[in-house]
Amino acid sequence: MSIAEKYPREIETIHAKYPADQKRSAVMPLLYLAQREAGYITREAMTEIAALLDLDVTEVASIVGFYTLYHDEKAGKYRMQVCTDLPCALRGADEFLQKLCENLGIKVGETTPDGKITVEEVKCLAGCHRAPMFQVQSGDGLAYHENQTVESAMQVIENLKAKQATREAGVG
Ligand code: FES
């Protein structure tokens, strides 16, 4: 189903925020909308957004490729993005990332077998003095977790899984 069929009201609201001669500016919120459901933006969605905004598909794809919060490949339900940039590395981010992956039985960039968690390595997330830190990206948006240990990170994961299970059971 196209995003226009699935989210007609949201698309109307997004369009209403921009003057007709600047409708290209709606590309960012439309990409966010397209990514909300599956956690990544399909080629079909990029094509649709390009047509909605009179853009070239390659322009839309280049925006997706440029911003780390947009994704063009399927991943886990939750993306755990650990910063290992230099200031965080000095506070143990590399070891934290390695042990976290060991605990989950995956390598950096991989997804847990249950399809729930993908661990990614990213650059500065502006929480340098509170490393180790990571953000969790999902359909719910972004959540920051600072001053982490592997134990506290695993607890974050357990909480996410519990929340998801509650949703799937239809009681959340
Ligand atoms: S270097 Fe890691 S948050 Fe800034």
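Modeller: A hairpin of two residues connects β3 to β4. This is a predicted model, in which local features need pLDDT of at least 70, side-chain atom pairs count only at pLDDT 80 or more, and totals for chains, interfaces and linings use all residues. Residues are numbered from 1 along each chain as its sequence is written, and side-chain values use heavy atoms, with hydrogens and water left out. Strands (E, at least two residues) and helices (H or I, at least four) are DSSP runs numbered from the N terminus.

Colleague: In β4, which residue is the bridge partner of S138?

Modeller: Two strands pair if DSSP finds at least two bridges between them. β3 and β4 run antiparallel and are joined by five bridges. The partner of S138 in β4 is G141.

Colleague: What is the order of the four strands in the open sheet?

Modeller: β1 (residues 78-83) runs parallel to β2, with six bridges, and antiparallel to β3, with four bridges. The edge strands, each pairing on one side only, are β2 (117-122) and β4 (141-145). The pairing is mixed, and the order is β2-β1-β3-β4.

Colleague: How many of the five residues of β3 are buried?

Modeller: Buried means under 20% relative accessible area, exposed over 50%, and partly exposed in between (1.4 Å probe, protein chains only). In a regular strand the side chains alternate between the two faces of the sheet. F134, V136 and S138 point one way from β3, Q135 and Q137 point the other way, and all are buried. The number of buried residues in β3 is five of five.

Colleague: At about what angle to β2 does helix α7 run?

Modeller: Axes are lines fitted to C-alpha atoms, for helices over the stretch in contact (heavy atoms within 4.5 Å). Angles run from 0 to 180 degrees between N-to-C directions. Helix α7 (residues 93-104) lies across β1, β2 and β3 (134-138), and its angle to β2 is about 165 degrees.

Colleague: Which residue does a cis peptide bond join to A131?

Modeller: Most peptide bonds are trans. The cis bond here has an omega of about -5 degrees.

Colleague: A126 has a positive phi; is A126 buried or exposed?

Modeller: Most residues other than glycine have a negative phi. A126 is not a glycine, yet its phi is about 65 degrees. A126 is found in the loop between β2 and β3. Because its relative accessibility is 64%, A126 counts as exposed.
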